[in-house]
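This report describes one protein chain, part by part. Look at the sequence and the structure first, then read on.

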Amino acid sequence: MSNPHRSEKSQARPVRKGLHPRNLHNQGYDFSALVQSHPALAPHVKPNAHGDLSIDFADPVAVKTLNAALLNRHYNIVDWDIPEGALCPPIPGRADYIHYMADLLGLEQRSIKLLDIGTGANGIYPLLACQIYGWQCVGSDINPQSLENVARIIANNPTLKERFTLRTQHDKNHIFEGIIQAGEFFDVSVCNPPFHASLDEALKGSQLKLNNLARSRGEQKPTTQTPTLNFGGLGAELWCKGGEQLFLKKLIRESKLYSAQCRWFTSLVSKTDNVKPAKKLIRKLGAVDVREIEMKQGNKITRVLAWTFM
């Protein structure tokens, strides 16, 4: 289970307004404490323009090291790492998703089984669900290299071995088929869909994020000729044919086939325009309950769609 939140208010700025009430990161990052528990973070921490300790969030190595420090200090996960170029998830937002799933299922339920569709090389949702709530988790992915990395993380954290298992999706045309086994039941499935339709679109999105970060620091717009995926994302983690809209359509259609084996199906939806058609399809397929869960982190709003046929 997670450590109690030990943030020293004098060191932390309350910059993450709107996170779930149980989120350990509501008061921002306590960089002094993070460096103490994970010394590898120290070279990346320095005062920002406001005189507060911070890191360069445009530096993928710094962001990855911050993640390792957060997972170490707050969630008792050691030796977390991802390959170069892999998607590096923001821990507070990922923790929010898990907290809202706990609300959806009811906190009185102790024995919860979660399926993470596309767990990636970071395995972040099952890692957090195991450590925060003690849930049983299955992570699936189409990329064997990603699963090998998560397997290494699990091996380095013995408490996870009985709670977090991995499965390979061998067919790119399926999502649940080949993963959910006969007679198996999940309480909830979670998913962070690939939201770009091509590599070129993903690269442009990465450059836009870098430009926004630079502007927030008062710098001029970067002039990178060939943008790189500074925020990571290997293949299926960031893009797929048809992008988020087509992926959601496949996810929803296939969820109907497994409606008796999963209580709640859920997915992040990054593009607002994709919410309405997704809801329409869910209702058309006969879901008895459809919910849109809004999550806030500072000025950023993300949403989770949840539906059940039970």
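## Terms and model

A residue counts as buried under 20% relative accessible area, as exposed over 50%, and as partly exposed in between, using a 1.4 Å probe and protein chains only. The model is predicted: local features need pLDDT of at least 70 and side-chain atom pairs count only at pLDDT 80 or more, whereas totals for chains, interfaces and linings use all residues. Residues are numbered from 1 along each chain as its sequence is written, and side-chain values use heavy atoms, with hydrogens and water left out.

## The chain as a whole

The chain holds 8 helices and 9 strands. These are DSSP runs numbered from the N terminus: helices are H or I with at least four residues, and strands are E with at least two. Of the 310 residues, 52% count as buried.

Contact means heavy atoms within 4.5 Å. Among contacts between residues at least 6 apart in sequence, 68% join residues at least 24 apart.

## The sheet

Strands of a sheet pair through backbone hydrogen bonds, either parallel or antiparallel. Here, 7 strands form an open sheet with mixed pairing, in the order β5-β4-β3-β6-β7-β9-β8. Two strands are taken to pair if DSSP finds at least two bridges between them. The edges are β5 (164-168) and β8 (289-297); each has a single partner strand, so one side of each is left without a neighbour in the sheet. On average, neighbouring strands are turned by 20° against each other, direction ignored.

Strand β6 (residues 186-191) and strand β7 (residues 262-269) run parallel and are joined by 3 bridges. Val 188 stands opposite Trp 264 in β7.

## Helices across the sheet

Axes are lines fitted to C-alpha atoms, for helices over the stretch in contact, and angles run from 0 to 180 degrees between N-to-C directions. Helix α5 (residues 144-155) lies across β4 (136-141) and β5, at about 165° to β5. Helix α7 (residues 243-257) lies across β3 (113-117), β6, β7 and β9 (300-308), at about 175° to β7.

## Two helices in contact

Two packed helices are described by the angle between their axes and the distance between the axes. The axes of helix α3 (residues 91-105) and helix α4 (residues 124-133) come within 10 Å and cross at roughly 60°. That makes α3 oblique to α4; angles under 35 degrees count as roughly parallel, over 145 as roughly antiparallel, 65 to 115 as roughly perpendicular and the rest as oblique. The crossing is right-handed, meaning that the near helix is turned clockwise from the far one by less than a right angle.

The contact includes Ile 91, Arg 94 and His 99 of α3, and Leu 128 and Tyr 133 of α4. Its residues divide into 11 nonpolar, 1 polar and 1 charged. Ala, Val, Leu, Ile, Met, Phe, Trp, Tyr, Cys and Pro count as nonpolar, Asp, Glu, Lys and Arg as charged, and the others, Gly among them, as polar.

## A buried residue

Is Leu 115 buried or exposed? Leu 115, found in strand β3, counts as buried because its relative accessibility is 0%. Not counting residues up to four places away in sequence, Leu 115 touches several residues, including Val 138, Phe 176, Phe 186 and Val 188. The C-alpha atoms of Leu 115 and Cys 137 are separated by 5.9 Å, with the two residues 22 apart along the chain.

## A loop with positive phi

Most residues other than glycine have a negative phi. In the loop between α2 (60-75) and α3 lies Asn 76, which has a positive phi of about 55° although it is not a glycine. Asn 76 is partly exposed, with a relative accessible area of 34%. Asp 79 is also found in the loop between α2 and α3, and has a positive phi of about 55° without being a glycine.
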